[in-house]
Amino acid sequence: MFGCEKNPVSLTMRDSTGRLVAIALNKLLEKSKAHDQTGTPPAQEKSRLLVSLLDDLERGIDLFATYNTKTIFELWMLSVDKTFGQLGIATALASLSLDLAKANNAGAVKCLAVSQYSAKAAAKNGLETIRTIDYATYEFNGDKTLANLTDLLAEHPVARLMARRI
Ligand SMILES: CC(C)(COP(=O)(O)OP(=O)(O)OC[C@H]1O[C@@H](n2cnc3c(N)ncnc32)[C@H](O)[C@@H]1OP(=O)(O)O)[C@@H](O)C(=O)NCCC(=O)NCCS
């Protein structure tokens, strides 16, 4: 029913008519390359709250050192068309991404999971939670900006840094 393509570390999935139904965008992070502070564009150039939250999730944690590796594979963005939700597609794409991580000699895989569902897909593939940030209490520019999103928070209370050794 589905076709799945990789390009070169990312995956797309289409239905039998060719319509895109799911993507797993991944990144290969090299220790030597400037993905750290020196290479990071100023926060104001990005969606600042989200970037701030994602930065805080990883702050002070050196996964290259934790896993003693020069290459980390990041499960960067995962998205599945609602029509095809809860069928295990995200879990399957994460599993296929792990294969790509191995094929690219990554020593570890990481994921910044902002939803409980992507966190479940990652956990089912052996990624463990290393740090959580509680949306309700997260402060940005002195405000708990996300605290009012009660419906959303009931379903997705925390963002997680997750990782595993390959
Ligand atoms: C998150 C997302 C990729 C999950 O895709 P999916 O193919 O439905 O996920 P899976 O079928 O592999 O399900 C993984 C787990 O999440 C649960 N889940 C997924 N969607 C759910 C929903 N709407 N309600 C309740 N549980 C849900 C599944 O039941 C499963 O849990 P289980 O292991 O206890 O059975 C998809 O919902 C999505 O694209 N969301 C919007 C984008 C997004 O949030 N991306 C992640 C950013 S980090």
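Guide: In this predicted model, helices are DSSP runs of H or I with at least four residues, numbered from the N terminus.

Visitor: Which residue with a positive phi follows H3?

Guide: Helix H3 covers residues 89-103. Beyond H3 comes a residue whose phi is positive, near 60°, and this residue is Asn 105.

Visitor: What distance does H3 reach from its first C-alpha to its last?

Guide: H3 has 15 residues, and at 1.5 Å a residue a reach of 21 Å is expected. The model comes close to that expectation, with a distance from first C-alpha to last of 21 Å.

Visitor: Which element gives the most to the largest nonpolar core?

Guide: That core has 23 residues, and Phe 73, Leu 75, Leu 93, Val 109 and Leu 127 have the most contacts inside it. Elements supplying at least two residues each include strand E4 (71-80), strand E5 (108-113) and H3. With 6 residues, the element giving the most is H3.

Visitor: How many residues are in the other core that lies apart from this one?

Guide: Leu 29, Phe 64, Phe 140 and Leu 146 are among the residues of that other core. Its number of residues is 18.

Visitor: Is Asn 68 buried or exposed?

Guide: Asn 68 sits in the loop that runs between helix H2 (63-66) and E4. Its relative accessible area is 70%. The cut-off for exposure is over 50%, so Asn 68 is exposed.

Visitor: How far apart in space are Asn 68 and Ala 108, C-alpha to C-alpha?

Guide: In sequence, 40 residues separate Asn 68 and Ala 108. In space, their C-alpha to C-alpha distance is 8.9 Å.

Methods
Residues numbered from 1 in each chain as written. Predicted model: local features only at pLDDT ≥ 70, side-chain atom pairs only at ≥ 80, totals over all residues. Heavy atoms only, no water. Expected span 1.5 Å × (residues − 1). Core = buried A, V, L, I, M, F, W, Y, C linked by side-chain atoms within 4.5 Å. Buried < 20%, exposed > 50% of the residue type's maximum accessible area, 1.4 Å probe, protein only.
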